[in-house]
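Okay, thanks for making time, everyone. I'd like to walk you through one structure today, so let me put it up on the screen.

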Amino acid sequence: HSSSIIQTSLTLACAYWSFIMAEGICHISGVLSTVMAALVLAKKMWPTLVERKAMREFWHVIETIGNTLVFCLAGMLTGRAIPMHHSALRDCFWAFVVYVC
């Protein structure tokens, strides 16, 4: 199709559907399925894209949001687990020493 919005929406739908089909129906790895779908799209769809820059920018935004969410969740889980530990102050000290070194 000649619309960049439709092409971007199709790539997003392909990522979700490949994950859902692999995990829910085939009971295989959804992450590997999504990676393979991305590789196939990169090989077959890239030459026919209307707006390559728009596609790159869209996926860079999605990547940044995903990374932010993952590291925020990891930080919240770590922050909640550290004070419950009986030697939390000592562990924080050694984490700081390792960070400085």
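Let's begin with the overall dimensions: the radius of gyration here is 20 Å, while a compact globule of 101 residues would sit near 13 Å. Keep in mind as we go that this is a predicted model. If you look along the principal axes, the C-alpha trace covers about 60 × 35 × 20 Å.

So what is the chain built from? There are four helices and zero strands, and reading from the N terminus you get α-α-α-α.

How much of it is buried? Of the 101 residues, 14% are buried.

A quick word on contacts. Take the ones between residues at least 6 apart in sequence: 45% of them link residues that are at least 24 apart.

Now let's zoom in on the aromatics. How many aromatic pairs turn up in a search of the whole structure? Two. One is Phe58 with Trp59, where the ring centres are 5.2 Å apart. Why do we call that pair edge-to-face? Because the planes of the Phe58 and Trp59 rings meet at 80 degrees, and anything over 60 gets that label. Phe58 is partly exposed at 26% relative accessible area, and Trp59 is partly exposed too, at 28%.

The other pair is Phe93 with Trp94, with ring centres 5.2 Å apart. Their planes are at 70 degrees, so this pair is edge-to-face as well. Phe93 has a relative accessible area of 48%, which makes it partly exposed, and Trp94 is partly exposed with a relative accessibility of 48%.

Last stop, the backbone, and one residue I'd like you to find on the screen: His27. You'll see His27 in the loop between helix H1, residues 4–26, and helix H2, residues 30–44. Why point at this one? Because most residues other than glycine have a negative phi. His27 isn't a glycine, and yet its phi is positive, about 55 degrees. And is His27 buried or exposed? It's exposed, because its relative accessibility is 65% and the cut-off for exposed is over 50%.

Key:
Residues are numbered from 1 along each chain as its sequence is written. This is a predicted model: local features need pLDDT of at least 70, side-chain atom pairs count only at pLDDT 80 or more; totals for chains, interfaces and linings use all residues. Side-chain values use heavy atoms; hydrogens and water are left out. Helices (H or I, at least four residues) and strands (E, at least two) are DSSP runs, numbered from the N terminus. The radius of gyration is taken over C-alpha atoms; the globule rule is 2.2 Å times the number of residues to the power 0.38. Buried means under 20% relative accessible area, exposed over 50%, partly exposed in between (1.4 Å probe, protein chains only). Contact means heavy atoms within 4.5 Å. Rings of Phe, Tyr and Trp (its six-membered ring) pair if their centres lie within 6.5 Å; planes under 30 degrees apart count as stacked, over 60 as edge-to-face and the rest as tilted.
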